[in-house]
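Hi,

Here is the structure I promised to pass on to you. Have a look at it, and then read on for what turned up when I went through it.

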Amino acid sequence: MAKTKYFILLAIMVLMSINTMSQCLDFAKKTASSQMSPYVADGNYNACDMREGETAEMYKTFFEGQSYRLIVAKAPNLPPVYIRVVDKNGAVLFDNQKMNYTHSWDFKVQSTQMLVVQIKVLDQKKATKEHGCVGILFGMETSKKK
């Protein structure tokens with residue numbers, strides 16, 4: 001009987017976690033997608049619940065000659081999100097701290113390469129840490145008709 005109670009409790013926690021993740025992905029999709037035009041989202045939605053002070057990294061391959069837009073969407077209750085993009089050698093290609101913590105970046109790569117997107121929810125040093133959804137979305141520029 002006790003094992004059954006623990007199993008039910010575990011099942012409820014897993015379902016709640018899946019529901020929260022689904023809501024976070026929906027938030028990222030809606031928020032970031034509305035800021036993507038005229039770029040077209042690549043169809044990959046990356047989102048998770050983050051607390052103040054937490055960091056995350058994402059590795060993504062970008063292709064030579066293609067223009068991209070990076071959008072980072074965050075829940076309104078969160079402080080700014082620090083975004084940094086580095087190449088395989090650690091060279092910083094983008095740092096939003098120098099741009100008033102902007103949430104987007106348009107760029108074009110000269111050669112096919114894997115880049116690392118580093119994000120950190122800034123810490124407001126309050127007693128209670130805020131948490132909420134943070135999503136990363138990439139878009140590609142569509143071909144222009146001539």
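**What was found**

The chain holds one helix and eight strands. Keep in mind as you read that this is a predicted model. Starting from the N terminus, the order of the elements is α-β-β-β-β-β-β-β-β.

If you take the contacts between residues at least 6 apart in sequence, 79% of them join residues at least 24 apart.

Which residues have the most contacts inside the largest nonpolar core? They are Leu-70, Val-72, Ile-83, Phe-107, Val-117, Ile-119 and Ile-136, in a core of 22 residues. At least two residues of this core come from each of strands S2 (55-62), S3 (67-74), S4 (81-86), S6 (104-108), S7 (113-121) and S8 (131-141). The strand that gives the most is S7, with four residues.

Leaving aside residues up to four places away in sequence, Val-72 touches Val-81, Ile-83, His-103, Ile-119, Val-134, Gly-135 and Ile-136. Another core, of six residues, lies apart from the 22-residue one; Met-36, Tyr-39, Ala-73 and Leu-137 are among its members.

Happy to go through any of this with you.

Best wishes

Notes
Residues are numbered from 1 along each chain as its sequence is written. This is a predicted model: local features need pLDDT of at least 70, side-chain atom pairs count only at pLDDT 80 or more; totals for chains, interfaces and linings use all residues. Side-chain values use heavy atoms; hydrogens and water are left out. Contact means heavy atoms within 4.5 Å. A nonpolar core is a set of buried Ala, Val, Leu, Ile, Met, Phe, Trp, Tyr and Cys residues joined through side-chain atoms within 4.5 Å. Buried means under 20% relative accessible area, exposed over 50%, partly exposed in between (1.4 Å probe, protein chains only).
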